Amino acid sequence: MLASFLLSLREGLEAALIIGIVLGVLLNVKRTDLNKSVWSGAGIAVLASLLAALMLNLLGMEFEGRAEEIFEGVAMLLAASVLTWMIFWMHNSAGTLREELEEKTKGAIQEKGKKALFSLAFLAVFREGIELALFLLAVQQTASPFQTLTGAFLGLASAVVLGIFLFRSTRKLNLRSFFKVTNVLLIIFAAGMVGYGVHELNEAGIIPSVIDPLWDINHILSDKSQLGLVLKALTGYNGNPSLTEVIAYLTYLSAIATYVLTRPQKIWTSSPSPAA
């Protein structure tokens, strides 16, 4: 549940910040009459994201045996790739996010008004929604549907509350610590997705195991025990991994963590605004 909570909180907060910035610009230029277009775009994007999530789950249910292993393996690796892109993007580009969104919003007001603002809000929220749908599909492979949905609901609800607080606050709030901590946790989640994806492709015979298992400590901590399932959902724990699974996990974890932790993080601070 923690994995789906954190992923939903992160994606939901990014969407809330984007919508808040757009609404803030409309308030500053005294064009709050266009707020409806922004909310319409965001609302339809949420519905479209839910539909996409449902279709992904139905697609996964269609596969059995080796086809299911291939689907789950590819879904895991794809989710890890998108999650990695998201980590890099926020780490490297967030410093200019506010300025870019403000420019796009002002340009949309001058050029096409309602349609442009609708598209801006729709694309921003839909992108986050599609990413989250893919992440939750991956998380669902290591957690129950109830835990996944509960964590997602709590994460999105927290994102809405935090987003409103940020933009209604009377003081500046720096998001550096939040994104730095979540980046580290998301790197661990992504490494687990990579490991699990390789494991499934090992099972399907797509990627050779080389040595399987490399070790077996299930008699000490089974990956099917309650604690083992929690660790599996959070870190990709496997009590009897193959050699290629371990190599993939450690290579990803060390490479991405080194990049993120050794490069200065750029992040913007939210200024007071009653727009959210």
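Among contacts between residues at least 6 apart in sequence, where contact means heavy atoms within 4.5 Å, 85% join residues at least 24 apart in this chain. The structure is a predicted model, in which local features need pLDDT of at least 70 and side-chain atom pairs count only at pLDDT 80 or more, while totals for chains, interfaces and linings use all residues. Residues are numbered from 1 along each chain as its sequence is written, and side-chain values use heavy atoms, with hydrogens and water left out.

The chain has nine helices and two strands, which are DSSP runs numbered from the N terminus (helices are H or I, at least four residues; strands are E, at least two). Along the sequence these elements follow the pattern α-α-α-α-α-α-β-α-α-α-β. Of the 276 residues, 47% count as buried, where buried means under 20% relative accessible area, exposed over 50%, and partly exposed in between, with a 1.4 Å probe and protein chains only.

When its neighbours within four places in sequence are left aside, threonine 148 is in contact with Ser4, Leu136, Val139, Gln140 and Ala143. The C-alpha atoms of threonine 148 and leucine 136 are separated by 6.9 Å, and the two residues are 12 residues apart along the chain.

Tryptophan 215, found in the loop between α7 (176–203) and α8 (226–235), is partly exposed, with a relative accessible area of 38%.

Empty space inside the structure can be looked for as well. Rolling a probe the size of a water molecule over the atoms shows where empty space is left. A cavity is a set of points, on a 1 Å grid over the protein atoms alone, where a 1.4 Å probe fits but cannot get out, and its lining residues have an atom within 4 Å of a point. A search of the whole structure finds one cavity of 30 Å³ or more, and the largest cavity has a volume of about 90 Å³, a volume being the space filled by probe spheres set on the points, which are joined across faces, edges and corners. Of the 14 residues that line the largest cavity, the closest to its centre are Thr142, Phe189, Met193, Lys232 and Ala233. The elements that give two or more residues to this lining are α5 (114–139), α7 and α8.

Key: 1 Å grid on protein atoms, 1.4 Å probe; cavity = no way out; pocket = protein on both sides within 12 Å on 5 of 7 lines; lining within 4 Å.
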